[in-house]
Amino acid sequence: MDQEFGHKSLLCSDTLYQYILDTSVYPREPECLKELRHRTENHPKNYMAVSADEGQFLSILLKLMNAKNTMEIGVFTGYSLLATALALPEDGKILALDINRENYEIGLPVIEKAGVAHKIDFKEGPALPILDQLFSDEKNHGTFDFIFVDADKDNYINYHKRLIELVRVGGVIGYDNTLWYGSVAMPPEAPLPMDDLIRPYRDFVVELNKALAADKRIEICQLPVSDGITICRRVI
Ligand code: SAH
Ligand code: CA
């Protein structure tokens, strides 16, 4: 059985989180996602991967939306990417951006075996210049049904400026880690777990949350799934 101690869910009870995983998530997790998750388990940065319950959430959201043309910023070894690829129709597309191809290649054989690699267009490099290039061609405006953002938190506001034009009206941008290990609600000087990792980005996430809440172009829903995901639906 997969024991998720030290997990990143913000649920206060480990037992309750384990209950959710054991009852509703792991029994329904596709074999290929399980395989990819286990393949990444011992990676020193495995804490970055999307958790199985969040993968399940993304999958059902994409299906409810009938999403077809999507983007992912921040791939790592591909858990959320494979969850997305499985949820899209045969002719669905994912533009996948990451500065690191090596980690993507850890999960790639599993993605290929699952028969969904043809949906993925992986581009290696910092996301911002790639977004600027997409943005510069008006034909790309309003063309994405769904965009999942899970990369450098200090750039989320910069991403949002571009993504809000690239997503279609009625489409969704999902920003991951918007509760940032709970630090957003703690006083700035409070001691934090994994302080070196969390503190430098805390204020960026706090500012992002304020900006999203004030942005009249979107409706938002802040979910406490995993480390917090903010669902933004473009309305104008
Ligand atoms: N969604 C992934 C986890 C992503 S972790 C999963 O489910 O496993 C964050 C990723 O963002 C890392 O792989 C990192 O290489 C990437 N990243 C960091 N800065 C970036 C940038 N400027 N542009 C694109 N990707 C970036
Ligand atoms: Ca994340």
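A residue counts as near a molecule if one of its heavy atoms lies within 4 Å of that molecule. By this rule, in this predicted model, 18 residues surround ligand 1. The closest are Gly74, Ser80, Asp98, Ala127 and Asp150.

Polar contacts with ligand 1 involve both backbone and side-chain atoms of the protein. A polar backbone atom of Ala127 is 3.0 Å from a nitrogen atom of ligand 1, and a polar backbone atom of Phe76 is 3.3 Å from an oxygen atom of the ligand. From Asp150, a polar side-chain atom lies 2.9 Å from a nitrogen atom of ligand 1. Taken alone, ligand 1 exposes 590 Å², of which the protein buries 89%.

Asp150 lies in the loop between β4 (144–149) and α7 (156–166), and Asp176 in strand β5 (residues 167–176), so the pair ties together parts that are 26 residues apart in sequence. Asp150 and Asp176 are both buried.

Another part to look at is helix α1, which spans residues 14–25. Which residues of α1 are buried? They are Tyr17, Gln18, Leu21 and Val25. These residues cover an arc of only 100 degrees around the axis, which puts them on the same side of α1. In general, an α-helix has 3.6 residues a turn, so residues three or four places apart point the same way. The buried residues of α1 pack against α3 (52–65). Thr15 and Tyr19 are exposed, on the face of α1 turned away from its buried side.

Definitions and conventions:
Residues numbered from 1 in each chain as written. Chains lettered and ligands numbered in written order. Predicted model: local features only at pLDDT ≥ 70, side-chain atom pairs only at ≥ 80, totals over all residues. Heavy atoms only, no water. Buried < 20%, exposed > 50% of the residue type's maximum accessible area, 1.4 Å probe, protein only. Helix = DSSP H or I, 4+ residues; strand = E, 2+ residues; numbered from the N terminus. Arc of directions from axis to C-beta. Contact = heavy atoms within 4.5 Å. Polar contact = N/O pair within 3.5 Å; in protein donor to acceptor, adjacent residues only side chain to side chain. Areas by Shrake-Rupley, 256 points an atom, 1.4 Å probe, with all protein chains shown as cover.
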